[in-house]
Every structure is written in C-alpha cells, then in structure tokens.
Amino acid sequence: MSGRMKGVRSRSSSRAFQIEAQRIPQSTRLTIQNFVNFEELKQKYISEAERVLLDALITMPQGRIQSATKKKGKPHVRPSSAAANLQSHPSYTSGLFDNVSIRPATAAAAGRRAEPAPLAQRPATQAAGGRRPWRTTKEATVVEPKDMHKQPRRLTIGAVDGIASDAKKINRPSHALGNQGQLLKSKIEERINIDTLEALKKTFQEADTNRSGQLELDEFKQLLKSKLSVSANREAQIDSLFMKIDWASEGAITWDEFCTYMQLEYAEKEDSYKRAKDVDFHLPAKIENIPHRDPVLRITDTPDGNFVACSQDGMVSFWSSNIDLKRTRFVVDTERSSRAKPKWITDFVIMPQYNKFIVGTGDREIQFFELSSFEPYCQISGLETVPLKLDYCSTGHDECLILFGDSQGAINILVITSAGECLRTWKKATKIDDFIASISLNDAVGANVNFIRWDVHKDWVQQLKYYHEIGQIISCSNHDNTALVIGCTTGSTHVESQLKEVKESLQKENKDPMDRGKVNKYTYGLVRPRLESDQSVFKVYKGVKCFDFSKEKNVIVTGGMDRIVRLWNPYVSGKPTAMLRGHSAPIFFLFIAEEENRIFSISTDKCIKVWDIQDHLCLLTIRPKSHKIRGDLQAVHYSNISKTVAVATDQMAALNLRLKPVLHADIVISHKEPVTACSYNPSFKQVITCSESSVIKIWDFESGTPIFEYGDAHGDAAITCMTFDKCGRRLITGGRDGLIRIWNYNNGHCLKILQRAPKITEDQEKSDEEGEPKTLEEIRALRKKRNKVKYGIVQAIEPQQPMKVDSLEEEDDNEEICDLTYVEMNRNKYIVGVGWDRRINIYSDDITDNTIHHVQHPLPKWHDDLIRGHTEDILSVAQCPPNMLATASYDGQIIVWNMVSGHIFANLKAPKPSEYEDQSLDGDLSINKLVFLATRAHNKDSGSLVASGPRAHIHFWNVFQGGKLLAQFPGSNSKGVMVSVLEVNEKNTILFSGDSLGFVYLWDIEGYAAYGIEKDPPEVIVTWRGHVKSVTAISLVEAHKLLITSSVDCTVRMWNMEGHYVGTFGQPDPWDIYNMGTWQHPMVPYDVLIDPMSLPDHPVVSEKQNMHQIIHEDSARNSTSEKARTPTPPVVYTKQQFHIDDDTIASLIREKTFKQGSGKRQRHEKLRPVRVDRGGPSEFQMLRTLDLEETPQPKMPTLKLDKNDPFNFKLID
C-alpha cells in the first residue's frame, strides 16, 4: 500500500512539474537549457580559480556586462563618459573618485531617487560618470581570489583615469559609511518633515480616542510608532519628546503645542547654525605701494605664508603675510639692452622640489631660474605657441609634469621622469647672449621627456590646473562649448589613430627623402583632439574665466562673464548643482576653503562675497567702499595658511579673515566666556550650562557632546544663576538685568518673565493722594505716565522747560539676581529670587496664568523683610522643607525665615575665627552658598544649615532656639582662599565644596555636628584640583557616582567621586560613561597640569627650612620625646604676599636703617622689580664699539733714570 502511494505521488508530482514546465516561456526554457549545458562544461573544462571568477561574473547584475541577446551589426561600445547617474543614497559615496566618505549636499542633483535596498560595492573600474547602482542578491557571497581586487582590463581609459589606481585606497560604499545618515535620524525630531507633519495632522484626531483634543502619552506613542515606524527600543525617545512638549506637566499635549515646539526648536537650531557660520574680515584692507611698473600676472603663496608676485616686465616681489615688502628680483637680463623690445613674461609657477622658478615668455620659451638667488639656470625654446598659463605638479620621486595653455586653446604637457638629471643636462647647453642655457623642445624630448599636446578649447586658455590626486587636468576658456574640460594627460590606447599617424609620417618620408633626418622626435605629439571617453566637457554660457576644484567636497566652482557662480558635480556635466547669483560684474577669482566650507568669489568691480558650500547662501558681502581697494584688478590669491586675501591692483592690498578668538589654543573649553552655572537634568539625561555672554548650552550627559544652544537669553546681560522646577521640564534663570526668565529650554522658548514691581516716586504718591482717577481715560493716562517713569522716558511738557524725571536705570543696573530656588509648599509652588535689591522676591508659579500674563510681578513683600531684613546684597538662598528659608548676604549675616508667617526665625552671625587674618579690605564676610541638610531638619540639636563663609571658613549652624554655631573650620588648604560653592548628596553624608583656586573637596560629614559642638574639622575623603580658576557650580549625578563642575576658566568638566577625570564638555573625542576606557583618567586637564599652583608644596619653600633640618628632623624629634607626635604640616597653596603693618614701618624708621637715604627708600627697595635672567648676552656684551675719526697720538713719557738710584728710592738720612 505504501509503495503504491509512493508511485501515485511520484506520478502526480512529475505530471505537475510537466504542467508547470509548459507554462514557462520558450525563451526562458532555452536559457535554462543553456545554463545546464554551461554548468556541465564548467565542471568538465574549467579550473577551480576560473570557476570562481565565472561565478562572480554570473552573479553580477544585468547592465554591467553586455548581454548576448543584443542585436547584431555595429558593435555597441559603451564609452566611459556614458550618461552619469548621480548616487543619492545617504550611505553611498558619490565622490568623484570614490574615496570621499560622505557625499556633500552640494553634489545633490535635482530629482533624487530613493534607494530602498542598500548599495553594494562598486567595481574598481571608473568612468567619467557615476554608474547605475545595482542591488545585492540574497545568495551567499562568492569568495574572491587574491587577484580579484585588480581592475579589469579595458580597451579605453576613461576621463577620470587614475582615480582608483590604488585598490587599497578605494573607499567602498557600505553600511559603515551610511552610519552618518543614520546618526542624523537617530532623534525622532529629525525624522519629522513637512510630509510627515501633514500625515500626523490627519491622524492626530484619529488617535484622540477620548475626543478631548489632546493626546496622552500612550496615544502619542501609538501615533509615532504607526507613522514613523519607531522601533520598540526607542520608546524612551518618545517619552522624552512628550515631556519636552508637555513642559507644564499636564499629562497631555495638543496639536498646537506639538507644532509650536517643533517650529521653535528648528528656529533656534537655525539661528545657532547661522551663528556658527559667521565670517568677517578686518576692514579696511591693508594697502601698500607696489614696486611693479607693469601689471601683476599672478600672486601665489609659499609654505611659510608669504606671497610672491610677478609682473610682465619680469620683476618678482616677495611680501610677508601682512603685505610688507621684503625684497624684489628680476627674471630678465636687465644688464643687456641689445633688445629693441623688452622680454614679455606671461606667467610663472614655483618648482619647490627642485628650488626653481619657472616663467613663460612671449618668445615661446619656458625659463628656469634658481629660486634662492634668481640666477638663470636653463630654458626650453622653440615652442609652437606662446605659453599663456603655466602649471607644475610633482607626480612622484624625481617625476613631474609641466603644463601650459596657449592662445590656440591647446593644452601642452611635458612629462618628465628624471627631472633632476634632465635639468642638469639642459644646464650644460649653449648659453644665449651669455645669459641662460637654452635647449630646443625638439632636443629636450627624449627618453626621459615626453611632450603631449591636446586640442581642447576654441579660445585662449584662461586657467589650467593638474590635480595629482585624481590624475586629471582641468582647464577653462571663454568659449561656450568648451568652457570647462576635465581630461586625461596621456590619452587612451587608440591603435587606429596611432597607426594613422605613423602612416602619415612614413608617407612624408617617402615624399621628401632629403628631409628624413629632419623629422621631429615628437611627431606623435602634434596637436590632436582627445577622445570623447578621455574628457568631460562642461558647456557654460559665455564661457568660464576662473574655477576651483575640491576633491574633499566633490565640487567644481566656476565663474565667468555671466556673473554667476556655478557649482558642479564632476560626474554630471549637463547641469550645475547650484547657481549662486549676486555679483553685478564678471567673476575674476574663485577659491574653495575646504576647512571652513566656504567659497570666496571676487568680481571685476572688486566686490568680495563669501558663500556657504552646503547651504548655497551668501554669508558676507564686502564692497569697495568698505575695503578701500582702488584700481583695476590684476591678480588675486587666497592663502589658506595665513587666511588672507591678497589683491594686486596698482597697489598691493591684504584682507585678513577675522578669526574667532581662541582663548586657549591647546585647551578644550566648553564656553567662550566664563561659565556661571551648570546643572544636571535627570529627566532628559542632559547637562545645562550658562555663561556670562547669556548663552545657554545643552549637553549630552553620556557622551559630553553638545545638543542644542541658544544665545541672548538675557540680552547683553550675563546669566548669574539657574534652577529647575520640580518636574525638571522648565529652566529658570536669573541675570544681571534683574529679570528672572522661565524657559522650555529644549527649544529655547521663553514662557514667562518675572520682574520686580515698578517703584513709585514721590511725585506719583502725591498725585495719587490728591485724587483717584475715575474715568477710563484718566486711568490710561496714569498708567502711561507711570510706564514712562518706570522705563526712564523723559517727555517735555513745554519745549522751554523740560520735565526732570529720575531714571531707574541706575537702580536696575545694580539689582542683579544672585541666586534662585524653587519652593513647593502646601501644594503651592513659588520661585524665590534674591540679589542686589536686598529683598526676597517671591513669585507664584501658576501654570494656568502663563497664557494670560507673560510678565509677572512678585507677591507682596514680608513685613519683617522690609523692616528687619538684610542691609547688604543677598548672595545666596536655600529652602528646607517644610517651611524654612535661609538667606545670606554680603556682610556675613544669615537670616532664617518662616515662609508661612514671613517672620524671622533666626538671625545668625558668625564670630571671627582665632588666628585669622583678613585677606581683603571688607573682611571676607561674604557668604556665597547656603545648603540645608534635609535629613536633620527635624533634629533640633544638630547642625542642619551649612554656610560657605564668612572668612573662608565653613560653618555648621543649628537654626533652632535662636541659632547656635556648632562647627567652624577652614574650607581650603590654602590660607585665605574663599569657598565659592557647596553641595551635599541625597543622604547628607558627603559635603562637596569648591574654592576660588579651582580645588574640589569631599568632606565626610556623616554624624558630624549632629549631637553637639565640633572642635575638629571633618575628615577629607579626597581633594583634587579641577580648574585653574574659581569653581562656580557643582552638580551631582548620584545614579552614576559622578559630579560635574563649572568654572570661570570657561570649562565644564566631569569627574567621578574619587577625582578621576572623565572629560571636558565639548572635547573632540566623546566619552562613554559606561566605558571607563573612554575616560581621560589617568590624565588631568592640561591647564591644571601646567599651572604653578597645582604643584605640591615643599617644606623647604613653605616652612623656610634648610636641608639639614629636614634630614635630622626625625632624630631631633626622638631625642626630645618618644611619645610626642608632631602633626604633618598641611599642604598650603599660597601666593607670595607682603603684609607690613604700621608698627613695623615705624620701628624701622626709628632704627634709621638707611642713614644716608630718605624715608621712602625702604619702600623703593621693597617694590623694586627683581631682575630675571632670561639668558642671552648681557648689556656689557651688547656694547657697540665705533672707530674714532681722528685717532690721537699718545705722548711718549720721558724716562729719566738715575744710575745711582734706578728705582727712585730716596733714602732718608
């Protein structure tokens, strides 16, 4: 039974196979049969290596190899300049030569085509255009043999030949190169565009299941997952986006809120993007007189940033980067005047590898001069045409190319293989007019020299340049159809054309048998056009006058008589990728600054424009009235070394690029200005910092990279303090302008402004007492009058007698906000701000009032605050649940308030520590920071309030029963150094402090001052120096055991609890907090390392001891007492200071130390600068000696010797 069933199944399956086979078309069946036969032949006759190669060719997609089903007849030859298709996939490298990592936006062509599948590797063979992308198959990849990386052989060489000559240097497009495109879409906000926004709007109402007009978090998640295809592992980003939009913590968002957030975020990003692209020049230009009498042909720069210029009369001038004339030389024979007409110089180029200066002359010569001495070396004469434009390029060791374009539009190339030997050989030739050795072109061409001439343009060559990295020549002319040409040097292997030339030369020999010996050696080099496959032609209306090419940016920039700057993709010659309009005169000069992503263009009317390569926008326009350059343009050059534009007219001018000031060239900084505050937001895992320039920056906590920034938060005023609300979704900042602003900091939207109530003058009070306004017009008039008084607006009642109004600007300038805190008490939320107005300003945080009043005034002030409050500027404020508030002022006074009643709970004043000397005139009484220990709030016997002052000491206070000081100890190892910031952990066991020298201290305060008075300071867990200037803020991240510090030295840095250096926010290499290998530890910040105050102190220097005392210190200690223990002297970081009181000065005056001097001599001796020996010759060695004009003759002494007494001894009788 089973066998019968098997037979039935086999017959039915075979019958079904026959039926399916009949449905297959005839052509497909033939293809299958041929494939089967081919497989049999392959197994029988083909080796293993050849089989692998054939498998690779078979799996290659259609279109890469000519199909066998093509029509017979004329063979179809695919030229290498076939229609180029621009690759637009974000992960595809569409560079001209396939070794640019990411295709720039300027290379984008109109009508991009999306690629659903990833692109595979392109073959190494290159052509004049991008190939059509082919998709990978899902089959297993074939293992390539070792020789597969070589390029397949072709009969013709493409116009971009030599592009991928080195297979090791070819960057193949792969998924790794597409990571940049994926990084841009890593944020959900980046994936929302106009199309998706319209789709979201349609489905927004559908997602609103409860028909409330709002979307809750679950509904918002479902909406984005369905429309943006968000994966499940990215739900955290949806939650973060929802919290950013729902800044009021209402739990739902509306469509208007969603659109407002997106609009404001992108507007701030655009402003920040534009600020990063700001560019400017130092105006006016520096102008110097020029020594040239004839027009300047070209300006070029040297590796040291200097400029070299040459004019038609052969004068060469050397200029510094600041356009200071150094020297002039001549490249013509100025001593001989036998010529009736002087020699005409057409162009020059420098040959740095052989220290030569090459010039082209109007006598159809190329001359070589020594660059150091400008002595004539040799020349090549007998050229076919006049070399108008020259170029030189070194192609390898002792190999180079010399190119020149002529008046016939031809490109002439001298390919020299042994350049040093050729130059030495040419120098031995016969000298002409006893000036320079000359050799004809016919004699120069030989084994080491090859001459090639291409007929390229139909007009004079305006500019040409050989780019060795691509192996191509780019040239331009004013002819429309041959405006810009990218072509090869040697040409393709075209056998028919070479045979034709040889045949023509043989026929010429047969016709003129007498002239067989006079045939030129470079007959094959006669002018001839390139093949279409050897060049790419760009047609431009009215031609191209100048161009520049950037291989890194994959762009060619052209300019000409039509006043339009065009950007081209080198693959696509039919249409430019962008057209930059704005010049009103022909374009004279173009340059691509790759590092800055800019294009510099100058027109003949001396108008200078700077363009952005990516956005195609004009960043800057400088007109002649601004740079003050006069005369007609002769030559222009931009030095990428000195960032200077050199312009030659009848004068030499220089325009220096205004570079952004770099405060620390070798030190990473987070802000350009001192950082005033920093804080960590656990809701979004972000770090927010602000600076004195009113700039707010948002950083990624896990990597230290910037996310977002916006400036002018408080106008021109600095931001002094900041805090968050309880939800962490709103940022509250205070500034020196006296205003408090509430932000949705994720998009830079200012939600509300908190401002003090306007003060009423005495005149206003009198007018109010006289009578209250009754009508609406009187009320409006009174409000108008008060507003004018408030903002200091002076309005004259009569022209002859203007009304005098006391402006409040002076008071506003002095009422800075110094500290902020957010208070939540009895379901009421308040924002408390203190500052230089010496009052406590409390603002009600009512979210429902945001849509009504944008500017809010504080609540009425407490009666005790007005009567018995602070008399000096309030510097710090702290809040302790449930209802206590503490404030500290500049005079060292601390007041603890009851927020329910508004009465003073305690008034604290610290005594002066023993043996403390004031370091400043005000007595160092200021208290910069207050911190409450919340875990001790209900313990009435412990110290629950910590203050950073006064007198550079940290104080622990018990605020109950009128206040009691429990502990007082120095906050720094350095004498007199102020404590600038305090912070405690959540359990109140560790106290973090920072001082004005940049040191960070961790104190163990667990149980310290919890049960009574403490005489000794707490134990220091660890200390290190984090900054070179004062620490302004410390923010703790206890979940990761990290802390963040900011400083006046413009840096924000991250550390762990042991003081290990994680990194500085804004550094080039991001870190990973989960990978300690990416941390900077064990290194320390460079500025801290080199600062002298970071060095540990030595007892010889600090205690003024000598080496003998230090060596015998232990023996002396043991001799006195074995049990006595001398504590280790603390490490003191001090600066050398001189403090002399009046008694000491009086005693010195009475002693009359300097008897012959005046009473001021002691002060002069004290303040006299100490001479520092910096090396070098002394003043005596630098004395100059001069010869006397008339040397006096010395008079010889008369010798009168007494024979009896020769030594003139006189004996006394």
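## A helix across a sheet

Helix α9 (residues 419-427) lies across β13, β14 and β17, running at about 100° to β14. Helices (H or I, at least four residues) and strands (E, at least two) are DSSP runs, numbered from the N terminus. Contact means heavy atoms within 4.5 Å, and axes are lines fitted to C-alpha atoms, for helices over the stretch in contact, with angles from 0 to 180 degrees between N-to-C directions.

This is a predicted model: local features need pLDDT of at least 70, side-chain atom pairs count only at pLDDT 80 or more, and totals for chains, interfaces and linings use all residues. Residues are numbered from 1 along each chain as its sequence is written, and side-chain values use heavy atoms, leaving out hydrogens and water.

## The sheet itself

The open sheet has 4 strands, in the order β12-β13-β14-β17, with antiparallel pairing; two strands pair if DSSP finds at least two bridges between them. β12 (387-396) and β17 (449-455) are at the edges with a single partner strand each, so one side of each has no neighbour in the sheet.

Strands β13 and β14 are joined by 6 bridges, and I402 has L414 in β14 as its bridge partner.

F368 and W426 make a tilted aromatic pair, 6.2 Å centre to centre with 50° between the planes. (Rings of Phe, Tyr and Trp, its six-membered ring, pair with centres within 6.5 Å; planes under 30 degrees apart are stacked, over 60 edge-to-face, the rest tilted.) F368 lies in strand β10 and W426 in helix α9, so the pair ties together parts 58 residues apart in sequence.
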